[in-house]
Amino acid sequence: MTGGPELYGFPPPETVPDLRWLGPDYVSVLVYDLTQGLLRQDPRTSVMGVRCEGEPRLDPSVDPAGVIRAHDACFPLQVFVRDGAGRPWLLRGRWTYSGRELGTAAASITHFWQLHSADGA
């Protein structure tokens with residue numbers, strides 16, 4: 001992401017093939033979705049950096065034929081932001097994608113953020 005936030009600690013996409021259902025560059029997708037969510041809360045928020053604090057937790061589920069049709073991917077994150085008033089914040093939490101009916105016409109992917117702590121100035 002040229003000109004975007006600094007990114008740290010994310011496993012390279014080629015080392016986590018189980019995330020292909022998020023697209024070829026899961027990190028850009030995650031940062032975009034996370035940023036859009038923060039901008040809905042405060043349209044002047046700036047995301048300065050995102051750090052993945054550990055390996056993502058991947059929870060696939062298979063159908064009776066053994067095909068993965070559901071998959072959750074949970075990322076432990078630190079997010080460095082500047083709010084609309086210019087104050088810096090460190091947000092810690094988990095970002096989760098939930099894919100359902102993957103590989104079918106009814107496929108859907110949702111996401112959510114679970115905030116664990118927010119430290120600001």
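Predicted model: local features only at pLDDT ≥ 70, side-chain atom pairs only at ≥ 80, totals over all residues.
Helices here are DSSP runs of H or I with at least four residues, strands are runs of E with at least two, and both are numbered from the N terminus. Residues are numbered from 1 along each chain as its sequence is written, and side-chain values use heavy atoms, with hydrogens and water left out.

Let's start with the whole chain. The protein chain has 1 helix and 6 strands, and from the N terminus on they run β-α-β-β-β-β-β. Its C-alpha atoms fill a box of roughly 55 × 25 × 25 Å along the principal axes. Take a contact to be heavy atoms within 4.5 Å: among contacts between residues at least 6 apart in sequence, 55% join residues at least 24 apart.

Now for the inside. A residue is called buried under 20% relative accessible area, exposed over 50% and partly exposed in between, using a 1.4 Å probe and protein chains only. Of the 121 residues, 36% count as buried. Leu30 is one of the buried ones, because its relative accessible area is 0%. Leaving aside residues up to four places away in sequence, Leu30 touches Phe10, Phe75, Leu77, Trp95 and Tyr97.

In soluble globular proteins, nonpolar side chains tend to be buried together. To look for such groups, call a nonpolar core a set of buried Ala, Val, Leu, Ile, Met, Phe, Trp, Tyr and Cys residues joined through side-chain atoms within 4.5 Å. The largest core here has 23 residues, and Phe75, Leu77 and Val79 have the most contacts inside it. Two or more residues of this core come from each of H1, strand S2 (46-52), strand S4 (68-82) and S5, with H1 giving the most, 6 residues. As for Val79, its partners beyond four places in sequence include Leu34, Leu38, Trp89 and Trp113.

Next, look at the rings. Rings of Phe, Tyr and Trp (its six-membered ring) pair if their centres lie within 6.5 Å; planes under 30 degrees apart are stacked, over 60 edge-to-face, and the rest tilted. That rule gives 4 aromatic pairs. In one of them, the rings of Phe10 and Tyr26 have centres 6.4 Å apart and planes at 65°, so this pair is edge-to-face. It links distant parts of the chain, 16 residues apart: Phe10 sits in the loop between strand S1 (6-8) and H1, and Tyr26 in helix H1. Tyr26 also pairs with Phe75, this time stacked, at 5.7 Å centre to centre with 20° between the planes. Together, Phe10, Tyr26 and Phe75 form one aromatic cluster. Tyr26 counts as buried because its relative accessible area is 1%, and Phe75 does so because its value is 0%.
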